[in-house]
Amino acid sequence: MPTVAMKVNGRSVSVEVDPHTLLVQALRGKLRLTGTHVGCDTSQCGSCVVHVNGRAIKSCTMLAVQAEGAEVTTIEGLATNGHLHPMQEAFRDNHGLQCGFCTPGMIMSALDMVKRKGHELDERTIREELEGNFCRCTGYHNIVKAVAAGAKAMKNGKGASA
Amino acid sequence: MSATGVGARVRRVEDQRFITGRGQYTDDIHRPYETHACFVRSPHAHATIKGIDKKKAEKMPGVLAILTGDDIAADKLGDLFCGWMVLSKDGSQMKNGSHPALAKGKVRYVGDHVAVVIAETLDQAKDAAAEVNVSYGTLPAVADLAKARDPKAALIHDNAPNNTVYEWVLGDADAVKAAFEQAKHITKLTFANNRLIPNAIEPRAAIGEYEPGTDTFTLWSTSQNPHVLRLGLSAFIGLAPEHKFRVISPDVGGGFGSKIFIYPEETVCIWASKKVGRPVRWTAERSESFQADAHGRDHITTVELGLDANGKMLGLRVKTLANLGAYLSTFSSAVPTFLYAPLLSGQYAIPAIFCEVDGVYTNTAPVDAYRGAGRPEACYVIERAVEVAAREMNMDPAELRKRNFVRTFPYQTPVASLYDAGDYQASLDKAMQMADYKNFGKRKSEAARKGKLRGIGFSAYIEACGVAPSNLAGALGCGVGLWESADVAVTPTGMVEVLTGSHSHGQGHETTFAQLVSERLGIPMDHISIIHGDTDKVQFGMGTYGSRSGSVGMSAIAMALDKVIAKGKQVAAHVLEAADADIEFKDGRFKVAGTDKSAAFGEIALAAYVAHKFPTAHIEPGLKEHAFYDPTNFTFPAGTHICEVEIDPDTGVTDIVNWVAVDDFGTIINPMIVEGQVHGGIAQGIGQALLENCVYDSNGQLVTGSYMDYAMPRADNLPSFKVDYTTTKCPSNPLGMKGCGEAGAIASPVALMNAITNAIGTEDIAMPATSKNVWHAIQKTKSQQRRAAE
């Protein structure tokens, strides 16, 4: 079985995986980082979004072996020293989650959005950029508010860059 | 109102674990030496099982067991069941076809459960499942609802002639006939309520574990109602006695009804765990969710609404054909009957109503409750009829509604519902103001100048939820009571643990229930734990569905809190050396009336447990009270949604430019959470009306089997929503709550379709109004208009 060496949430890890193991399966099954979720089998729902080398990636659509040498950040890696990332705070403050299942993927996608589109995100941009993340609970209304608020809060330089 | 009391926008307690990725959903949980299950599912919609050859599969690496319907029968497991007996109009019982957890003799829908492979790893189980050789004798599939009852259609269950489950009626046919003779105008429509797949983002999952040392079972399940699951598996399926059986519903990623029912997979996991001697786990792949989660809706209805010359409604006649799928799922029989017809009066005083519902089997997945469960279907019927009647009679749709509103309460409808309190005009007026209805004409003309079609649609909805008064439910054929339970247990240091029979899978109960306790006992939120979802901790509960956790679940907590305060006063009387009658409780303190002698809640709690200061022969030590609350009526949330759309005639794409929702939910505990429920419900209703459709082909093959073909609403399909309230308190529960979880999904599809049909100028368009369907409807309308002009 091949071994994959990577950095996950700042920690160097080395895991043995079958060649066909998906990154999300390695994260959930081998590293017990269960915050990244599996919600579909066609790469559309976005519950599995993590950051690989600074980019938002659907970890269900990437083999674990492809992450060799990569820096991976999952939802568990966002808070620093027990302090929540401003985007996490924004989701709570704006009731941007209900059952919580899509939430890690939403937050990781939102962070990537801010990186690419900046801190002043309008409603239309946020809605278009969230096309790859399904939510069945919230109707997206409060997620849009949360992402906009989180983006603004990040402008003050607070929180871990991911 | 305090910062954390009833009515406050308190941030949610449960969010901490969800935003940090520390939720504990069923698939996150691992058990020592666990094994993996993979189900062998039928690729045919209708077939006999001629034989199952396991020989090759059994020898494959890691395979521990391969079990079939024969093994289920050998162990004498009971069938999965439907818990609500519905009688046909001739008094006969509904035709309940046998439904073992693994198919016996026959498969009846694509995805039906034929065998299970249990192996050391999931990959090994899947590989072996692919080598289980099932030989089928294919039969003609009954896939088309409209043709299911043809005498020539194949018979799905031997005990259900013409594939008919029941022929059910409600109301007075003669009264309607007489009313129609007086009517100046009769609006008649025929339409479908399209079939949906619930698609909670967390797939269903189960882990079954048997401990031989204590002869006990533990089942982790994504269930919305762990106690009901345990009761069913114990009493009907016969797996184990209840007291030897623990069911845990941990964090659950959305339910919307689809996780209420007792399914084959969890039944098999728990049963197989004893046979294999190790925990057995299963998590649905999304394609399994598509095939084998209970689907929703799927009606064909003809409605006739009779009105007099002034637009006064005289009578309503409805005939519905309801698809129940291949087997009767746990609550399926009640959804197109008792949860449907009693809402057909809408917000209106209609003197005569008659409804016939024929429930039928087809070779499709079982159909059961999905957010709204019968009420979206009813609301669609009455509100389409009303809107079209207004257009046909050249009346303003708001005006037609106002002429017919129920205005005095209580109001007994002709379809069993007794409306308790409401003010329908108040929500309509507020919604019209928020939607700037009076200037719609201007906006429509401006849009036309730019080549766009604008339309506006109303939905004046009412629904019945807070299920349900137990006596009434029983009289209607329900096999269980629908009360709710609460334990309020105070610890010696004054902390409070509330054990509730409700379950939270997104509704925020850990916050809202705590808000009630915080307000009533005058203690901070972080002194309160809300415990749910574990049959070892909560003695019994009926679970969460039917928008009942507020009105029923919280009423039980309110009753238990009353008892805690009463007991506290008895203890305080001794501690403060006063008479019982002189003790008051306010703002978290027990106080002797007319003095400044008082003690904090926490002090009295400690005194209750230390038990030094009162005669324990008369007053038991401790401070812990229990209540079972049974509702005295359904609750009737109601309101008005107004939807405005702009359609591009070149593409058929519908842009929702405005959505207003004014709802009357009675007492609201946390407006932030209630708004979230409304947003989510509206999104699902827009999904139904604009995007989603479950399609089977004529062979019963599920064409829409993944997100590639089933269009889920995404953020860029939806607008932001304008939500507001009017309030008439519910008179039938101590808190005055009506419930809010499903209202958005009930009101919205018809509001959107009323807007789209208004924009296009035709009533001839079905849900979902995809861009293709809209474009074709526009072309058809244009050519009809051209022909009419010639």
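Me: Which residues point one way from strand β18(B) and which the other way, and are they buried or exposed?

Reply: In this predicted model, B:Leu453, B:Gly455, B:Gly457, B:Ser459 and B:Tyr461 point one way from β18(B), while B:Arg454, B:Ile456, B:Phe458, B:Ala460 and B:Ile462 point the other way. All of them are buried.

Me: What makes β18(B) a mostly covered strand?

Reply: The strand takes in residues 453–462, and ten of its ten residues are buried.

Me: Why is B:Arg108 called buried?

Reply: B:Arg108 has 28 other C-beta atoms within 10 Å. The cut-off is 20 or more, so the residue is buried. Its place is in the loop between β4 (106–107) and β5 (113–119) of chain B.

Me: Which residues does B:Arg108 contact, leaving aside its neighbours within four places in sequence?

Reply: B:Arg108 is in contact with B:His46, B:Ile156, B:Ala326, B:Tyr327 and B:Asn363.

Me: Why is β19(B) said to be largely enclosed by the rest of the structure?

Reply: Six of the seven residues in β19(B), residues 484–490, are buried, so the strand is largely enclosed.

Me: What makes β19(B) a partner of both β25(B) and β20(B)?

Reply: Again, at least two bridges are needed. Six bridges join β19(B) to β25(B), residues 624–629, and five join β19(B) to β20(B), residues 496–500. Both counts reach the cut-off, so both are pairs, and each is antiparallel. B:Val488 has B:Glu625 as its bridge partner in β25(B), whereas B:Ala489 stands opposite B:Glu497 in β20(B).

Me: How many residues lie between β19(B) and β20(B) in their hairpin?

Reply: There are five residues between them, and B:Gly494 in the turn has a positive phi of about 80 degrees.

Me: How many helices and strands does chain B have, and why is the chain called as compact as a globular protein of its length?

Reply: Chain B has 19 helices and 28 strands. Its radius of gyration is 28 Å, close to the 28 Å that the globule rule gives for 790 residues, so it is as compact as a globular protein of that length. Buried residues make up 59% of chain B.

Me: Which residues touch the most other members of the largest nonpolar core?

Reply: They are B:Ala37, B:Val117, B:Leu344 and B:Ile557, in a core of 310 residues. Helix α15 of chain B, residues 549–575, gives the most to this core, with 13 residues. Among the residues that B:Ala37 touches are B:Val116, B:Ile118, B:Val268 and B:Trp282.

Me: How many residues does each chain give to the contact between chains A and B?

Reply: Chain A gives 44 residues and chain B gives 42. By class, the side of chain A that touches chain B has 19 nonpolar, 16 polar and nine charged residues.

Me: What confidence does the predictor give?

Reply: Chain B has a mean pLDDT of 97, with 100% of its residues at 70 or more, and the complex has an ipTM of 0.97.

Definitions and conventions: Residues numbered from 1 in each chain as written. Chains lettered and ligands numbered in written order. Predicted model: local features only at pLDDT ≥ 70, side-chain atom pairs only at ≥ 80, totals over all residues. Buried ≥ 20, exposed ≤ 12 C-beta atoms within 10 Å, placed from the backbone. Helix = DSSP H or I, 4+ residues; strand = E, 2+ residues; numbered from the N terminus. pLDDT = per-residue confidence, 0-100. Rg over C-alpha atoms; globule rule 2.2 N^0.38 Å. Contact = placed C-beta atoms within 7 Å. Nonpolar A, V, L, I, M, F, W, Y, C, P; charged D, E, K, R; others polar. Core = buried A, V, L, I, M, F, W, Y, C linked by C-beta atoms within 7 Å.
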